[in-house]
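Have the sequence and the 3D view open as you read.

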Amino acid sequence: QVQLVESGGGLVQPGGSLRLSCAASGTVSSINAMGWYRQAPGKQRESVASITSGGSTNYADDVKGRFTISRDNAKNTVYLQMNSLKPEDTAVYYCNANVRAYGRNWNYWGRGTQVTVSS
């Protein structure tokens, strides 16, 4: 019913920038919030940033000041602008959406996009 498609990952040098995009498609009554998570090999998936439909944002402490999350509600799309990237940011980044559908709230996940920060 709802699909999330991420794009924008790749290989970048330390200090570089990337912009991730995630578009939600399908039957969507409303999107309560969208966000980004990441998972490195051998580690748990962790929240990076989130944004509600009303514009409230939340960031993990280690990305504050470097990453910016934004959204285009008309397009059901969320973005993550990543600046001053560090090797520690290397991970698979997953898009998440909390969606109102079929009379209840659901969490959907994208397939993930690889971000590699290396010199």
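## Salt bridges

The structure holds five salt bridges, each being a side-chain nitrogen of Lys or Arg within 4 Å of a carboxyl oxygen of Asp or Glu. Before we look at them, note that this is a predicted model, where local features need pLDDT of at least 70, side-chain atom pairs count only at pLDDT 80 or more, and totals for chains, interfaces and linings use all residues. Residues are numbered from 1 along each chain as its sequence is written, and side-chain values use heavy atoms, with hydrogens and water left out.

Asp-62 sits in the loop between strand E6 (57-59) and E7, and Arg-38 in strand E4, 24 residues apart; strands (E, at least two residues) are DSSP runs numbered from the N terminus. Asp-62 is partly exposed at 42% relative accessible area, while Arg-38 is buried at 4%. Here buried means under 20% relative accessible area, exposed over 50%, and partly exposed in between (1.4 Å probe, protein chains only).

Arg-38 also pairs with Asp-89, with their closest N and O atoms 3.0 Å apart. Elsewhere, Lys-64 and Asp-61 form a salt bridge of 3.2 Å, N to O. Through shared partners, salt bridges join Arg-38, Glu-46, Asp-62, Arg-66 and Asp-89 into one network.

## The disulfide

There is one disulfide in the structure, meaning a pair of cysteine sulfur atoms within 2.5 Å. Cys-22 and Cys-95 are the partners, with an S to S distance of 2.0 Å. Because Cys-22 lies in strand E3 and Cys-95 in strand E9, the pair ties together parts 73 residues apart in sequence. The S-S torsion is about -85 degrees, so the disulfide is left-handed. Cys-22 is buried at 0% relative accessibility, and Cys-95 is buried at 0% too.

## The nonpolar core

The largest nonpolar core has 32 residues, and those with the most contacts inside it are Leu-4, Met-34, Trp-36, Leu-80, Met-82 and Tyr-93. Such a core is a set of buried Ala, Val, Leu, Ile, Met, Phe, Trp, Tyr and Cys residues joined through side-chain atoms within 4.5 Å. Strand E9 gives the largest share, six residues.

Leaving aside neighbours within four places in sequence, Met-82 is in contact (heavy atoms within 4.5 Å) with residues including Leu-18, Phe-67, Tyr-93 and Val-115.

Key. Helices (H or I, at least four residues) and strands (E, at least two) are DSSP runs, numbered from the N terminus.
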